[in-house]
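Please have the sequence and the model at hand while reading.

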Amino acid sequence: MEMNHFAEKIREAVRKELEEGYEVKIRQVQKNNGICRTGLIVLAKDGNVTPSIYLEDFHAAYEAGMPFKRIVRQITEAYHRNKCNKNIDLEFFRDFGRVQDRICYRLVGRKGNEALLGEIPHMEFLDLAICFYYAYYSDALGEGSILIHNSHMEMWHTCAEELFRLAQMNTPRLFPWRYGSLWEMLAENARVIQGEEGVEAGLQEAFPDEIPMKVLTNSKRSSGAVCILYPGVLEEVAAERMGGDFYILPSSVHEVVLLPDNGMILEEDLKKMIFDINRTHVDPEEVLSDNLYYYDAERKETRLL
């Protein structure tokens, strides 16, 4: 079944499953790298905030043989688990003075995001774009982010340069940078997934400290590649961690991998590795770039190779 037809059938079925007073809609959501996803939203009469339930995985499950009624049940259960029963006052977002201390930045690739970048304030950095968001937090909704569009910037009577200045202060404060070996990061992931306290030993054996690759990210491990923009971070890494110049491999939008320049590395091999990994191990929405970067410790600058 074609996706649009599937989405419409799901919308109608979910609407019938819910009580009166709910409005069910399908919307196309523009994601990173030009990827568009199909989201189902359920609007309750007594609320103004609702999660988007993306339908691609459900469509794949249906094509693989999962019964349609089971999919509808899973979607309605997902909605009830995640719905917010409160009205959220979003008027604060119109007041620049109330949002400016949580304006942050992230990095995306310019290639593939041309349409999105035409709608949002951004600044160019090498082959990347620095874009801005509001780091939302409330007791009712928890943590989230609101992408800042040109319309917001105009409403606030501000500019991209001012957003950058605020983000340069706020992002390191709200999401401090983290640096560690590959095995440390893998061990942390394994503890979260498996709940095993002793998993580090096995991973350290598989990825010993002699492997020079290090990971730079933030405390949330989300949109952490932007840590290469934090003031003084790469300078500190070069002086105290890497001992000089190093390569920057864009692992994803969430982190970068750092590799010291020992004079024996073939840059073409690194470029091929980045290209291959982006197509085999990274979600298309999370790809940052196919290119390789280099930090020159003496010049204190990052350049594109």
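## Strand pairing at β12 and β13

In this predicted model, strand β12, which covers residues 293–296, pairs with β13 in the antiparallel sense, and four bridges join the two strands. At D296, the bridge partner in β13 is E301.

## The sheet as a whole

Strands β12 and β13 belong to an open sheet of six strands, whose order is β8-β9-β11-β10-β12-β13 and whose pairing is antiparallel. Because β8 (177–181) and β13 (301–304) stand at the edges and have a single partner strand each, one side of each is left without a neighbour in the sheet. From one strand to the next, the twist averages 30°.

## Helices on the sheet

Helix α10, residues 233–242, packs on this sheet and touches β8, β9 (214–218), β10, β11, β12 and β13, while its direction makes about 30° with that of β8. Helix α11, by comparison, lies across β10 and β11, and runs at about 10° to β10.

## The second largest pocket

How much space lies in the second largest pocket? The volume is about 380 Å³, and among the 16 residues that line this pocket, those closest to its centre are S251, E255, V257, I277 and V282. The elements that give two or more residues to the lining are β10 (246–252), β11 (255–260) and α11 (267–280); α11 is also the helix that lies across β10 and β11.

By residue class, the lining of the second largest pocket divides into eight nonpolar, five polar and three charged residues.

Definitions and conventions:
Residues numbered from 1 in each chain as written. Predicted model: local features only at pLDDT ≥ 70, side-chain atom pairs only at ≥ 80, totals over all residues. Heavy atoms only, no water. 1 Å grid on protein atoms, 1.4 Å probe; cavity = no way out; pocket = protein on both sides within 12 Å on 5 of 7 lines; lining within 4 Å. Points joined across faces, edges and corners; volume = space filled by probe spheres on them. Nonpolar A, V, L, I, M, F, W, Y, C, P; charged D, E, K, R; others polar. Pairing = 2+ DSSP bridges. Axes fitted to C-alpha atoms, helices over the stretch in contact; angles between N-to-C directions. Contact = heavy atoms within 4.5 Å.
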